[in-house]
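I opened this model to look up how its two ligands are held and what surrounds them. My notes are set down in the order in which I went through the structure.

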Amino acid sequence: MKTILVTGATSGFGAAFSRKFIRDGHRVIATGRRQSLLADLAAEYGGAICARQLDVTDLGCVDSFLSSLPEEWRKIDVLVNNAGAALGGLEPAWKASLIDWDKMIATNISGLVHLTRVILPQMVERNEGQIINIGSTAGHYAYPGAHVYGATKAFVRQFSLNLRADLVGLQIRVTDLEPGLVSGSEFSKVRFGGDEEKARAVYAGTKPLMAEDIAETASWLVSLPSHININLIEMMPTCQASAGLAVKREQIF
Ligand code: NDP
Ligand code: 8X3
């Protein structure tokens with residue numbers, strides 16, 4: 001049984017990760033900002049869950065998070081850096097809100113980096129552990145309106161690879177798990193500021209991946225023997241593919 005710390009466990013991937021890890025026989029420290037949803041998870045799984053409110057942009061709380069846990073939950077075997085968001089719809093960069101940009105950087109980059117820095121030393125000391133960072137295909141493939149969101153996920157990819165560079169020879173694994181189009185989460189609702197119709201339109205006429213598919217993959221990563229490091233996983237539904245560069249043509253007729 002492993003102790004797995006999941007950020008952003010109150011919805012979407014994080015909730016699916018928590019449920020799957022517990023079904024696999026592990027125990028989960030489930031974190032997020034929405035206390036009532038954490039309480040629901042705790043009620044569902046009892047002793048297999050330690051539910052703690054944590055806003056990853058509150059760097060003071062992140063830095064003291066480990067010491068705030070009950071003693072018997074402080075040895076973390078797996079850290080899943082999942083909390084994240086795209087904000088501001090798909091407005092072009094010149095119309096985007098700087099407040100949204102700063103929030104994405106604070107959540108998707110600074111929160112992830114600080115929590116990693118808090119958890120990593122104990123893993124190095126024990127020479128065992130695993131970090132699964134949730135990146136995105138948006139970190140690799142550009143699309144209109146992705147600007148800072150995509151750039152934060154590019155950071156997640158390179159940070160993950162660079163961590164392994166420091167950890168080479170140690171039994172501490174790091175994976176950047178990069179999904180593409182995924183439904184079954186609040187991602188698009190959050191991106192479009194609560195507009196359900198715009199959020200639904202993202203998945204209209206598609207068969208997207210579901211949060212449970214990402215959880216299945218994370219569960220596989222955790223189950224692998226400790227000498228195997230999967231550096232990067234890029235997952236898309238079959239209805240999605242990288243479709244080349246955009247060309248803007250002048251009106252020729
Ligand atoms: P959700 O919006 O459903 O989940 C996001 C989670 O992050 C929530 O639990 C939310 O909890 C938490 N969160 C947001 N901000 C903070 C914060 N400041 N501190 C702590 N927790 C926070 O979306 P997904 O499940 O889809 O997204 C999970 C991850 O997957 C994100 O990093 C996203 O970028 C990435 N991703 C999503 C894809 C998709 O298509 N859905 C594809 C590729 C990657 P709370 O509000 O309670 O804090
Ligand atoms: C979420 C996938 O394509 O909306 O990271 O950016 S996408």
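The entries below go from conventions to ligands, then to a helix, a core and some single residues.

**Conventions.** I note that this is a predicted model, in which local features need pLDDT of at least 70 and side-chain atom pairs count only at pLDDT 80 or more, while totals for chains, interfaces and linings use all residues. Residues are numbered from 1 along each chain as its sequence is written, chains are lettered from A and ligands numbered from 1 in the order in which they are written, and side-chain values use heavy atoms, with hydrogens and water left out.

**Ligand 1.** I looked up the residues near this ligand, taking near to mean that a heavy atom of the residue lies within 4 Å of it. There are 28 residues around ligand 1, and Thr10, Arg33, Tyr149, Ser185 and Glu186 come nearest. I sorted the shell by class, with Ala, Val, Leu, Ile, Met, Phe, Trp, Tyr, Cys and Pro as nonpolar, Asp, Glu, Lys and Arg as charged, and the others, Gly among them, as polar. The shell around ligand 1 then has ten nonpolar, 13 polar and five charged residues. Helices here are DSSP runs of H or I with at least four residues, strands are runs of E with at least two, and both are numbered from the N terminus. Helix 1 (12-23) and helix 6 (147-167) each supply at least two residues of the shell around ligand 1.

I then went through polar contacts, which are pairs of N or O atoms within 3.5 Å; within protein, one atom must be able to donate a hydrogen and the other to accept it, and residues adjacent in sequence count only if both atoms are side-chain atoms. An N or O atom in the side chain of Arg33 is 2.7 Å from an oxygen atom of ligand 1, and a polar backbone atom of Gly8 is 3.0 Å from an oxygen atom of the ligand. A nitrogen atom of ligand 1 lies 2.9 Å from a polar side-chain atom of Asp55. Taken alone, ligand 1 exposes 880 Å², of which the protein buries 95%; such areas come from the Shrake-Rupley method with a 1.4 Å probe, and for residues only the protein chains shown count as cover.

**Ligand 2.** Around ligand 2 I find Ser136, Ala138, Tyr143, Tyr149, Gly180, Phe187 and Arg191. By class, this shell has four nonpolar, two polar and one charged residues. Oxygen atoms of ligand 2 are 2.5 Å from an N or O atom in the side chain of Ser136, 2.5 Å from a polar side-chain atom of Tyr143, and 2.5 Å from an N or O atom in the side chain of Tyr149. Taken alone, ligand 2 exposes 240 Å², and the protein buries 81% of that.

Buried means under 20% relative accessible area, exposed over 50%, and partly exposed in between, with a 1.4 Å probe and protein chains only. Ser136 is buried because its relative accessible area is 7%. A polar atom of the Ser136 side chain also lies 2.8 Å from the backbone nitrogen of Ala138.

**Helix 1.** Ten of the twelve residues of helix 1 are buried, including Phe13, Phe17, Lys20 and Phe21. Just after helix 1, Gly25 takes a positive phi of about 100 degrees.

**Core.** A nonpolar core is a set of buried Ala, Val, Leu, Ile, Met, Phe, Trp, Tyr and Cys residues joined through side-chain atoms within 4.5 Å. The largest has 30 residues, and among those with the most contacts inside it are Phe17, Phe21, Ile132 and Ile214. Elements that give two or more residues to this core include helix 1, strand 5 (129-134) and helix 9 (211-223). Helix 9 gives the largest share, six residues.

**Single residues.** Asn82 is found in the loop between strand 4 and helix 5 (98-126), and counts as buried because its relative accessible area is 10%. Asn127, in the loop between helix 5 and strand 5, has a positive phi near 55 degrees although it is a residue other than glycine. Most residues other than glycine have a negative phi. At 31% relative accessibility, Asn127 is partly exposed.
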